[in-house]
Amino acid sequence: MTVGLSIHDLLTPVAVIDETVMETNISVAQEYFDRIGRNFRPHIKTHKIPALASQQVAAGAKGINCQKVSEAEVFADAGFTDILITFNMLGKTRLEQLKALHARVNLQVVADNKVVVDGLADTFSEDQPLKVLVECDTGAGRNGVQTPDAALELSQQIDRCAGLTFHGLLTYPKPGSEAAVEAFFSETIKLLDQSGLQCAVVSHAGSPSLYDSDLVSSATEHRAGTYIFNDRSMVRAGMCDFDDCAMHVLATVVSRPTETRAVLDAGSKALTSDLLGFSDHGLIVEYPDASIAGLSEEHAVVDLSKTDRKPEVGERIRIIPNHTCVVSNMFDKLVFHRDGVVTRIEHVAARGQVI
């Protein structure tokens, strides 16, 4: 693949990113957080590419959010120094890696239970304490302490550990639950104040909640990843239009076995099987009434029964993924373009990092 080549000449399947749309997505989000006076910490899980995180930070973002120690190591090697890892850290090998990383960067982690806190406390020392945020389940039903009282109790445990510093609260919310999030945060902050604990950071999150973040008045920062590319799920959530989706998976029609069926060369190894609540596997831009009804590893079966115009064998089509973050993780490289002309190829540097 060569800079200056038309994306229509690329071998398919391939994930391509519209530079102009992506740049607009970055600037619109950052302008919103600048306007409401809140720090913005992008999650790199969507792209896993240091060059893109550099664009986000250059626009005004405060540090980055990673999900794995190994991802954070890739970004530390690229020069990033303000890193939050939002996953419980467990196990000797992982904790040793975390300690080595902490010696290099300004690191924050999360915890939602005593076992995790005990492991961190046994690893870190008073001469270089680790910042820990208490993760709160404010309604999403994933990780997190269940009540403000439990958040206070875990915060106090962290504060008693010589090698740890209680640094604040964090949540990944259910979309549209800003009132519940604010109620949980404000009650917890009140309890912390009464106990004499300072809460430096209150971290809210989510691309589906991005432009409602101002409704959570206690929050000091917001974390989001998908917004940089956007996808079909973000359109469904009302956070963008299809024209705001920077990523497309380019595919070729390789067969038309029947009048109502087409087959593409982009299967589960390109689009993934992650439906994210949809009944099919992505939106075909040129044939929006068609449905990608099924995937095998290298094939996508398209139902054409509801579209009058039918694609021809050899035709190139563009697919807007249901969930862009998962698609990024399927490719070694992403191809970037302006007006269909390749501008650069970026290695997905943190792809496949598993620890």
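Visitor: Which residues line the second largest cavity, and what makes them lining residues?

Guide: E135, C136, D137, A140, R142, N143, T171 and Y172 line the second largest cavity, because lining residues have an atom within 4 Å of a point of a 1 Å grid over the protein atoms alone. This is a predicted model, in which local features need pLDDT of at least 70 and side-chain atom pairs count only at pLDDT 80 or more, while totals for chains, interfaces and linings use all residues. Residues are numbered from 1 along each chain as its sequence is written, and side-chain values use heavy atoms, with hydrogens and water left out.

Visitor: Why is this called a cavity?

Guide: A cavity is a set of grid points where a 1.4 Å probe fits but cannot get out. By this rule there are 2 cavities of 30 Å³ or more.

Visitor: What is the lining of the largest cavity by class?

Guide: V253, A262, L264, I284, Y287, A290, V302, L304, P311 and I317 line the largest cavity. Ala, Val, Leu, Ile, Met, Phe, Trp, Tyr, Cys and Pro count as nonpolar, Asp, Glu, Lys and Arg as charged, and the others, Gly among them, as polar. The lining therefore has 10 nonpolar, no polar and no charged residues. For the second largest cavity the classes are 3 nonpolar, 2 polar and 3 charged.

Visitor: What makes a pocket, and what is the volume of the largest pocket?

Guide: A pocket is an open set of points with protein on both sides within 12 Å along at least five of seven lines. The largest pocket has a volume of about 620 Å³. Its lining has 29 residues, and K45, R142, Y172, G206 and H323 are the closest to its centre. By class, the lining of the largest pocket has 11 nonpolar, 12 polar and 6 charged residues.

Methods:
Points joined across faces, edges and corners; volume = space filled by probe spheres on them.
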